[in-house]
Amino acid sequence: MDLRDAAQELYAVLPRDFTAERTALARKAKDDGDKDLAKQVGALPKPTAGAWAVNMLAVHKPEVIDGVVRFGVSLRAAQEAADAAAFRDLGQQRQSQLASAVHAAKDLAGELGAPLSGAAAADVEQTMRAAMADAGAGAAVATGRLVRGLSGSGLESVDLTGAVAAAGPEDHTGSQVTAKSEAKPTRKQPSSAKEPPAAKKKEPKEEATSLADRRAAKQQAALEEARSHFEAADKEAQNAEETAAKAWDVVNELADRREKLKAGIQEARNRLASLEAELIGITRDADAADTEKKLAVRAASQQRRAADQALRRVNRLS
């Protein structure tokens with residue numbers, strides 16, 4: 001077992017089991033005589049709730065992570081090619097892709113017995129957004145060893161410092177792909193220092209290049225406009241999603257209170273039914289006792305009259 005194997009096993013457990021599992025893995029490494037590994041394992045940080053949910057997708061539903069990463073590749077390709085129409089179309093699909101990934105994470109977390117809060121679900125969405133925007137972030141979420149959530153809009157590389165446990169160079173290789181692809185178009189720029197003296201022979205090519213440059217500039221302007229509209233709409237969507245997440249939390253809280261009140265009402269109804277049954281029994285016993293009382297009073301009256309008659313007879317004979 002090396003550090004990566006231990007981390008892969010550790011970051012696949014439930015949050016409530018993390019500390020105990022880390023202690024067990026460190027003890028195993030120590031028992032195997034590898035004190036350095038034991039120390040490294042013991043220092044592995046517990047992932048945030050959002051990072052844990054992303055790790056669970058990587059372990060149990062890798063197709064979700066793969067879909068996010070592939071969508072990000074298409075989005076960045078359209079951006080690098082200055083394809084405004086494709087970028088606009090993909091931008092419109094982006095939110096549904098993110099929503100689908102977050103929904104899968106919430107469902108999976110619930111199935112595993114560790115439901116996500118609204119804040120954790122928002123962290124998952126932000127991490128998936130970063131994975132779409134940056135190749136390095138896409139590679140990081142696929143490791144299953146994410147420690148914290150990621151953040152990025154695509155305007156700059158995502159900061160992956162300390163984001164992946166037991167990280168190696170291959171976990172961040174995607175970040176260089178973007179940089180290289182962005183640098184490729186600059187090779188097409190003509191160099192005036194090497195222009196041959198026979199300028200007349202280059203005129204058709206230069207004219208074609210100028211036309212291509214104008215078209216590229218036009219496409220770039222259209223792309224920038226589409227990106228501006230997209231970022232504004234994306235910001236509004238994020239605000240709306242945060243509001244929806246808060247509203248969802250309120251709904252869950254009220255639902256919990258409603259269930260507790262229902263349980264209290266049912267308990268009160270059961271108690272009332274028990275008291276009503278007891279009242280019926282007492283009423284029946286009271287009616288029976290009243291009947292017995294009347295019979296006893298009547299018998300006592302009869303006995304008293306008989307006694308009075310006997311007394312009057314005694315008085316006459318005296």
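Modeller: Tyr11 counts as buried, because its relative accessibility is 1%; buried means under 20% relative accessible area, exposed over 50% and partly exposed in between, with a 1.4 Å probe and protein chains only. Phe18, at 2% relative accessibility, is likewise buried. The model is predicted, so local features need pLDDT of at least 70 and side-chain atom pairs count only at pLDDT 80 or more, while totals for chains, interfaces and linings use all residues. Residues are numbered from 1 along each chain as its sequence is written, and side-chain values use heavy atoms, leaving out hydrogens and water.

Rings of Phe, Tyr and Trp (its six-membered ring) pair if their centres lie within 6.5 Å; planes under 30 degrees apart count as stacked, over 60 as edge-to-face and the rest as tilted. This rule gives 1 aromatic pair. With ring centres 5.6 Å apart and planes at 65°, Tyr11 and Phe18 are edge-to-face.

A nonpolar core is a set of buried Ala, Val, Leu, Ile, Met, Phe, Trp, Tyr and Cys residues joined through side-chain atoms within 4.5 Å. The largest nonpolar core has 41 residues, of which Trp52, Leu57, Leu116, Val124, Met128, Leu146 and Leu150 touch the most other members. At least two residues of this core come from each of α4 (49-60), α5 (62-80), α6 (84-111), α7 (118-133) and α8 (135-141), helices being DSSP runs (H or I, at least four residues) numbered from the N terminus. The greatest contribution to this core is that of α6, with 9 residues. Apart from this core lies another, of 16 residues, among them Tyr11, Phe18, Val41 and Leu44.

Ile65, Val68, Phe71, Gly72 and Arg76 of α5 meet Met128, Ala131, Met132 and Ala133 of α7, where contact means heavy atoms within 4.5 Å. The residues of this contact comprise 7 nonpolar, 1 polar and 1 charged.

How values were computed
Ala, Val, Leu, Ile, Met, Phe, Trp, Tyr, Cys and Pro count as nonpolar, Asp, Glu, Lys and Arg as charged, and the others, Gly among them, as polar.
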